[in-house]
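Here are a few notes for a first look at this model. Please keep the structure open while reading.

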Amino acid sequence: MVKNKPQHFAQWCFLSLIFAISFTAKALNYGDALAKSLLYFESQRSGRLPYNQRVTWRDHSGLTDGLEQGVDLVGGYYDAGDHVKFGLPMAFTVTMLSWSVIEYRQQITDARELEHAMEAIKWGTDYFIKAHTSPNVLWAEVGDGDTDHYCWQRPEDMTTSRQAYKIDQNNPGSDLAGETAAAMAAAALVFKKTNPHYAHLLLHHAQQLFEFGDKYRGKYDEEGRLGVVKSYYASVSGFKDELLWAALWLYKATDNEEYLMYVINEAETFGGIGWAITEFSWDVKYAGIQVMASKLLNEEKHKKHSAILEKYRSKAEYYICSCLNKNLDTTNVERTPAGLLYIRQWNNMQYVSTASFLLTMYSDFLKSSNQKLSCHGGTVAHQEILSFAKSQVDYILGSNPLNMSYLVGYGSNYPQRVHHRGASVVSYRENKAFIGCTQGYDNWYGRVEPNPNVLVGALVGGPDSHDNFLDQRDNYMQTEACTYNTAPLVGVFAKFSELEVQKELDHSQDLGLVASY
């Protein structure tokens with residue numbers, strides 16, 4: 001019996017190894033999700049595409065944008081499945097891409113995706129530099145949703161209006177100016193070491209835009225200003241959150257005390273320490289501001305402002321606790337039966353991705369400062385917050401009742417009929433024959449077949465409150481994707497990719513120890 005023991009032990013080790021390999025094969029590949037998410041931004045590019053464009057079914061588009069107004073507005077991003085360039089969601093997209101790189105630069109670098117992430121950011125900021133033509137003028141939109149939605153055609157064939165709209169001192173838009181300032185300040189931090197001249201240029205624009213937005217206050221979507229945007233990206237939260245957000249990013253980028261004092265002095269009047277919010281989005285920035293302000297408490301130089309910063313932290317923790325379902329019953333974020341955060345019917349995944357980012361980042365903050373979260377439902381350790389964030393990301397990638405990846409192109413089962421003009425029509429590079437405005441509706445929109453082009457890395461609107469999802473092109477509430485859906489996931493995927501790699505290394509070392517034994 002003693003003679004056979006090593007043989008049985010070797011067999012046990014072999015079976016354990018096979019099981020481990022099998023389990024690992026089924027594990028989610030966050031590195032792959034990260035790479036795919038960054039590809040998506042290349043699909044959304046407007047303007048003249050670069051030589052290293054990886055999404056080959058796209059071609060140049062919008063090459064005369066701004067021409068009628070005598071300004072060069074070529075470039076930037078289309079926000080979703082249409083061809084309008086909306087300034088507010090585009091700026092928030094760039095802010096979140098930049099924040100992802102700022103928080104998780106090393107993890108993105110380790111995944112060999114830093115260059116792609118920086119290219120995605122710069123494609124947006126290059127456009128903002130063009131759009132900010134003078135200190136108090138910012139071009140806010142190119143095209144308009146009403147005429148654009150009348151047509152279903154590729155961006156390369158566009159025949160819709162490309163009228164451009166601006167904000168200025170007579171038609172202010174503090175919300176748009178503030179978010180664009182935040183995006184450029186955040187991006188300046190990204191480029192500070194690798195391209196200091198460009199970072200300095202971004203900061204110059206960011207500071208001018210903040211001054212403009214603060215001096216000439218008003219909502220950008222009011223009638224007589226940019227009313228055409230109201231049906232698409234109305235500024236429901238107003239402009240005060242964007243001004244606080246911009247000031248906080250400018251403080252991070254410049255270390256200039258004046259910006260910090262703005263965040264402290266306007267904390268109450270602008271709602272920074274008043275609003276307890278359960279969503280973070282292109283419109284509502286309070287949760288992001290509150291989380292950022294909370295992190296300042298860790299630094300000795302901010303202790304003199306601790307009274308106000310603690311109030312910011314209290315509201316940040318309200319948001320985190322509500323996501324974890326640890327607030328009072330009426331103030332928790334709803335969930336689907338399978339556990340997905342559920343804010344509203346239309347494009348719910350945007351709120352899931354932003355929540356996943358803030359939860360992941362706050363978990364890191366608590367871990368690094370050796371603190372815990374206090375909720376009405378009890379004390380929460382950083383591991384529990386990270387675990388919940390992971391559950392949301394895993395749901396997105398296919399750990400859900402339908403085994404559906406809501407990140408297009410990831411895994412084997414993902415939405416095939418994304419509500420997206422360019423993806424749903426034959427590629428311009430394959431067939432350059434002109435497709436007219438309504439011709440696309442007649443010949444392509446109603447097809448039951450999958451889209452001819454895969455919109456890799458797009459995060460669609462996602463399932464309903466009961467985890468149901470209908471993969472139809474006309475089901476735009478669920479099948480349309482937006483740039484600001486995917487942007488926060490860049491940092492989150494990078495974080496979980498690092499953890500997965502570390503877990504595999506630890507597992508390999510354990511197997512090595514067993515084998516040597």
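1. Start with Thr354. Leaving out residues up to four places away in sequence, Thr354 touches Phe92, Phe280, Tyr319 and Pro488. Keep in mind that this is a predicted model.

2. Is Thr354 buried or exposed? Thr354 has a relative accessible area of 1%. The cut-off for buried is under 20%, so Thr354 counts as buried. The Thr354 side chain also reaches the backbone oxygen of Phe280, at 2.7 Å.

3. Thr354 is part of helix H13. Helix H13 covers residues 349–368 and packs against helix H12, residues 306–323. The angle is about 120 degrees, and the axes lie 11 Å apart. H12 is therefore oblique to H13. Their crossing is left-handed.

4. Which residues make this contact? H12 supplies Arg313, Glu317, Tyr319, Ile320 and Cys323. H13 supplies Thr354, Ala355, Leu358, Leu359, Tyr362, Phe365 and Leu366. By class, the contact of H12 with H13 holds nine nonpolar, one polar and two charged residues.

5. Now the second pair. Helix H9 (residues 240–254) and helix H10 (residues 257–265) cross at roughly 150 degrees, and their axes come within 8 Å. Angles over 145 degrees count as roughly antiparallel, so H9 is roughly antiparallel to H10. H9 passes H10 in a left-handed crossing.

6. On the H9 side, the contact includes Leu243, Leu244, Ala247 and Tyr251. On the H10 side, Glu257, Tyr259 and Leu260 are among the residues involved. The contact of H9 with H10 divides into 10 nonpolar residues, one polar and one charged.

Note on methods. Residues are numbered from 1 along each chain as its sequence is written. This is a predicted model: local features need pLDDT of at least 70, side-chain atom pairs count only at pLDDT 80 or more; totals for chains, interfaces and linings use all residues. Side-chain values use heavy atoms; hydrogens and water are left out. Axes are lines fitted to C-alpha atoms, for helices over the stretch in contact, and angles run from 0 to 180 degrees between N-to-C directions. Helices (H or I, at least four residues) and strands (E, at least two) are DSSP runs, numbered from the N terminus. Angles under 35 degrees count as roughly parallel, over 145 as roughly antiparallel, 65 to 115 as roughly perpendicular and the rest as oblique. A crossing is left-handed if the near helix is turned anticlockwise from the far one by less than a right angle, and right-handed if clockwise. Contact means heavy atoms within 4.5 Å. Ala, Val, Leu, Ile, Met, Phe, Trp, Tyr, Cys and Pro count as nonpolar, Asp, Glu, Lys and Arg as charged, and the others, Gly among them, as polar. Buried means under 20% relative accessible area, exposed over 50%, partly exposed in between (1.4 Å probe, protein chains only). A polar contact is a pair of N or O atoms within 3.5 Å; within protein, one must be able to donate a hydrogen and the other to accept it, and residues adjacent in sequence count only if both atoms are side-chain atoms.
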